[in-house]
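Have a look at the sequence and the fold before reading on.

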Amino acid sequence: MQLTAPLDMHLHLRDGDMLQNIAKASAQTFSGAIIMPNLVPPVSTKEEVIAYKERILAAIGDEKFTPYMTLFFKPSYDKAFLESLRDEITAIKLYPAGITTNSEGGVSGFDVEELRPTLEAMSELNIPLCVHGETNGFVMDREAEFVSIYERLANAFPKLKIIMEHITTKESVKALDKHENLYATITIHHLLLTLDDVAGGMLQPHLFCKPIAKRPEDREALLKVALEAHPKVMFGSDSAPHPKHAKENCGCAAGVFTAPIALQLLTELFEKHHALNNIQAFVSGNAQKIYGITPRTKTIILEKKPFTVPAIYNDVVPMYANETIAYSIKDIQHG
Ligand code: DOR
Ligand code: ZN
C-alpha cells in the first residue's frame, strides 16, 4: 500500500519548543501542509509570515516538506497589502473572535459589507479563504448554525474559494453541493469519533477539540464524502498539539494530536470500508486541484503490521496513545 505526495490541508505546527518537538512528525510523512496562523500573536504581516516559514524550515531540518503558509484574517487588509504578500501565502484563515485557541483577534459579527474590501481583494487575487465555522451558540449546534454564514459569504463572493475547515456535521456536507465555491477539509479524528468517544464514558481530554465530535449521523455523512473522495473534500488533520499538562487539566485545551499516525489511521479506515481506491484523491489529488498546487514527490509505503502508538512525544500525548493500530509506515521514498 502506498501513498503519493500526501498533503495535510490543515495543520498546527506551533512555535518555539513545541515546533521543534512536533514539526518532523508531519514533515517526514507529508509532502506539504497548510500551516495555521494562530500563534500568539497571530501571523498577520508579511514579515511574520516569512519569519514563521523560516522557523518551520529550520525545525524540519533535512526533511522534504513544503509549509504552505497562511495569514490570520483581518477585515482591514486591503488589496495593495495582499498583493504585496501574494507569493508568500497559500490561503488566509478566518476565525470568529474567541471561538478557539488564540482566536481573540478574529472576526466579530459577519457583516458582509464590513468584510467586503478584504474578501473582494482575495477573490480578485485568487487567495482561498479558510474558515473556522462555528458560532458562539450551543456547542453541538455551532457548526450547523454557521452554515447560513457560509452561504451568505459564498453568494456574496462567488469567485472566492471558501474552505469550510474540519467539518463535523451533515449540514456542512449538504452545503458543499449547494454552492460551487464551498469546499471542505475533514480530519481523521472526526471520521473516527463521535461525542460518545469524547464524553460518553470517562472524559477523554486527548480527544477534545473544536469543533467537538458530533452525532453518529454526522460522522456517517462525513465518512460518505471522504470515502468516495468527493472532489470538494480533502484531508486536513487539524493536528493541534498541546502540552500534556494543558490537556490533563481542569480547563482542557482543545486539540487532538494526530500527525504521527494520520496516514496509518486513514489507510486502516479506507481499507475497512473497501475504499482504498479513493484514498489517494482524498489525501492529495483533490487538494492539488482545489488549491492549484503541485506538491513535491514523496512516496509513503504502508504495511498492514500492528503499530503501538507511543504514550507521548516529548510532552504531547497523541490520539490513541498506547493503543495498537493496524498499519505501520514501512518506508518513505523521495524523488
Ligand atoms: O481543537 C482545536 N484546536 N480547534 C481549533 O480550532 C484550534 C486548535 C488549536 O489551535 O489548538
Ligand atoms: Zn485548526
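Which residues coordinate the zinc ion (ligand 2)? The donors are H10 (NE2), H12 (NE2) and D238 (OD), at 2.0 to 2.1 Å. Donors here are N, O and S atoms within 2.8 Å of the metal (3.2 Å for Na, K and Ca), and water is not among the atoms, so sites may look incomplete. Along the chain, the donors of the zinc ion (ligand 2) follow the spacing H-x1-H-x225-D. H10 and H12 are both buried, where buried means under 20% relative accessible area, exposed over 50% and partly exposed in between (1.4 Å probe, protein chains only).

A word on ground rules. This is a predicted model, in which local features need pLDDT of at least 70 and side-chain atom pairs count only at pLDDT 80 or more, while totals for chains, interfaces and linings use all residues. Residues are numbered from 1 along each chain as its sequence is written, chains are lettered from A and ligands numbered from 1 in the order in which they are written, and side-chain values use heavy atoms, with hydrogens and water left out.

Now for the strands and helices. Both are DSSP runs numbered from the N terminus: helices are H or I with at least four residues, strands E with at least two. Two strands pair if DSSP finds at least two bridges between them. One open sheet has 3 strands in the order β1-β10-β13, paired antiparallel. Its edge strands, β1 (2-4) and β13 (328-334), each pair on one side only. On average, neighbouring strands of this sheet are turned by 20° against each other, direction ignored. Between β10 (residues 298-303) and β13 there are 6 bridges, and I301 sits opposite D331 in β13.

Two helices go with this sheet. Helix α1 (residues 16-29) lies across β10 and β13, at about 95° to β10. Helix α11 (residues 262-272) packs on the sheet as well, touching β1, β10 and β13, with its direction at about 60° to that of β10. Axes are lines fitted to C-alpha atoms, for helices over the stretch in contact, and angles run from 0 to 180 degrees between N-to-C directions. Contact means heavy atoms within 4.5 Å.

Elsewhere, β4 (residues 66-72) and β5 run parallel, joined by 3 bridges, with T70 opposite A91 in β5. Strand β5 (residues 91-94) is covered on both faces: A91 and K93 are buried on one side, I92 and L94 on the other.

I92 also turns up around L82. Leaving aside neighbours within four places in sequence, L82 contacts L71, Y77, I92, T118, A121, M122, L125 and I127. L82 is, with L13, L266 and F282, among the residues that touch the most other members of the largest nonpolar core, which has 97 residues. A nonpolar core is a set of buried Ala, Val, Leu, Ile, Met, Phe, Trp, Tyr and Cys residues joined through side-chain atoms within 4.5 Å.

What about disulfides? With a disulfide taken as a pair of cysteine sulfur atoms within 2.5 Å, the count is 0. Two cysteines compare like this:

Finally, E47 lies in helix α2 (residues 46-60) and counts as exposed because its relative accessibility is 56%. E47 and E88 are 41 residues apart in sequence and 9.8 Å apart in space, C-alpha to C-alpha.
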